[in-house]
Amino acid sequence: MRQLFERFLALFAVDRRVLALAFARMADGVGNSFLIVVIPLYVGSEIITGATFGLAESMIIGIILSLFGFLNSSFQPLTGRLSDRRGKRKLFILIGLGGLAVTNLAYVVAETYVQLVVIRGLQGISVAFIIPASVALVNELATTGDRGGNMGVYNTFRLIGFGAGPVAAGAVVNLGPYVLPGGVTITGYDAAFYVAAITATISYLLVTVLITDPESTRANAGADLSIDVFDRSGSNLLDPIFTLGVASLFMATAIALFATIQPQVNEQLNQGATWFGLQFAAFVVAQILLQTPIGRACDRYGRRPFIVAGMVLLIPSTLVQGFVSTSETMFLARLVQGIAGAMVFAPSLALAGDLAGEGESGSKLSVLTMAFGFGIAIGPLSSGALVGYGFEVPFVFGTVVATLGAILVYTQVEETLETTAPVPVVGDD
């Protein structure tokens, strides 16, 4: 078994703690993404009752789902800064995973809309403990020469978990109720919540057993943790990490426009739910396949070329979604958009990690993760508000913000690797 693990580790060529953390995030990602499918069904069931304060059921679902994203993103700078101050990553990850496990179980006893809102809000705060500390830990376990590859491997496994959850969630709910040994019966909803709690617990155990904080994290705790907006060196107007944060916000907004307008997409393309599911999954599949190779490539050829190219590619792949006429072309557009996202995300984290000083990873990298989270929350709200003016309007809006992000990255972000190999040209020997 040990030899098998060593071979598997050599395949990805990363620190064993990075791979262990990636597996832990994959496990909790399954449970987290389970809830994206289960919660709307649960809210609409006869189990949940109570005051709605005059809000429609669809609005309550939107509040519950978006509250997670907004609280998660809002608390990340605070938890990232605290993990830097304390010089502890593992502790913060365990606090978040413990919170996830408990709140996943809390859904089983929830009976009112208000209780669901409170539980989902607490989950958002719990995940805010996990993300900055996890990304900071990956950054500190990596070096300048392999940081992109480490970020790519971490993101790949996290996305595998996130992509697998929704596929299984509907089946778990629909196949219920389940009769357990001893004659105990549980509903499909309760089974889904138990699965989510179990995956969070598995992640907790993996982190407890396999993860340790690097000595450098503890030694450099309490460094300067300020976040600059303007470039102190004077060579550019904006600080590069802040710029990458803004670009991540714009990228995530453009990507997430698609998520909440399924009825309009299906009507526009005269398609069913299966095609929409494939189009939604195309983005995730591209991310899973490309995060690791692009991360490794940016270690050799530089971070900036991939980030700029990805932001530029995001522009046409977003715009075309508002004007396609077939399901196949929408699938291709989403696939290309996924390629663009993969070219931006891991290299951006690697570049920000290059710039972060000792003991600053939690604070600095949380700028990017926070911005991405806000974009994922803003995108669906934007498309829901704009689609009434025309099917193409949300995607035109996404194109505008993607263009602004590309301009910012091109003008305000410089390469951090001192030596890079020349990017190969197609057709060269």
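At what angle do helix α9 and helix α12 pack, and how far apart are their axes? In this predicted model, helix α9 covers residues 240-256 and helix α12 covers residues 304-319. The two pack at an angle of about 30°, and their axes are 11 Å apart. Angles under 35 degrees count as roughly parallel, so α9 and α12 are roughly parallel to each other. As α9 passes α12, the crossing is left-handed.

From α9 come Leu244, Ala247, Met251, Ala254 and Ile255, and from α12 they meet Ile307, Met311, Leu314 and Thr318. Sorted by class, this contact has 8 nonpolar residues and 1 polar residue, with no charged residues.

Now turn to another helix pair, α4 and α5. Helix α4 is made of residues 90-109, and helix α5 of residues 113-141. Their axes come within 8 Å and cross at roughly 160°. An angle over 145 degrees counts as roughly antiparallel, and α4 and α5 are therefore roughly antiparallel to each other. Their crossing, too, is left-handed. By class, the contact of α4 with α5 has 16 nonpolar, 8 polar and 1 charged residues.

With these pairs in mind, step back to the whole chain. The domain assignment gives domain 1 as residues 12-214 and domain 2 as residues 228-417. How far apart do the C-alpha centres of domain 1 and domain 2 lie? The distance between the centres is 22 Å. The domains also touch: 33 residues of domain 1 are in contact with 30 residues of domain 2.

A few single residues are worth a visit. Start with Thr369, which you will find in helix α14. Is Thr369 buried or exposed? Its relative accessible area is 8%, and since buried means under 20%, Thr369 counts as buried. Leaving aside residues up to four places away in sequence, Thr369 touches Gln76, Ile131 and Val135.

Next comes Ala168, in helix α6, which runs over residues 147-174. With a relative accessibility of 33%, Ala168 is classed as partly exposed. If you trace from Ala168 to Gly272, you cover 104 residues along the chain, while their C-alpha atoms are separated by 20 Å.

Compare that with Gly357 and Met343. These two are 14 residues apart in sequence, and their C-alpha atoms are 24 Å apart in space. Gly357 sits in the loop between α13 (327-355) and α14 (361-386). Its relative accessible area is 29%, and Gly357 is partly exposed.

The last stop is Asn270, in the loop between α10 (262-269) and α11 (273-301). What is the phi of Asn270? Most residues other than glycine have a negative phi. Asn270 is not a glycine, yet has a positive phi of about 55°. Where exposed means over 50% relative accessible area, Asn270 reaches 73% and so is exposed.

Definitions and conventions. Residues numbered from 1 in each chain as written. Predicted model: local features only at pLDDT ≥ 70, side-chain atom pairs only at ≥ 80, totals over all residues. Heavy atoms only, no water. Axes fitted to C-alpha atoms, helices over the stretch in contact; angles between N-to-C directions. Helix = DSSP H or I, 4+ residues; strand = E, 2+ residues; numbered from the N terminus. Parallel < 35°, antiparallel > 145°, perpendicular 65-115°, else oblique. Left-handed = near helix turned anticlockwise from the far one by under 90°. Contact = heavy atoms within 4.5 Å. Nonpolar A, V, L, I, M, F, W, Y, C, P; charged D, E, K, R; others polar. Buried < 20%, exposed > 50% of the residue type's maximum accessible area, 1.4 Å probe, protein only. Domains from an automatic or database assignment.
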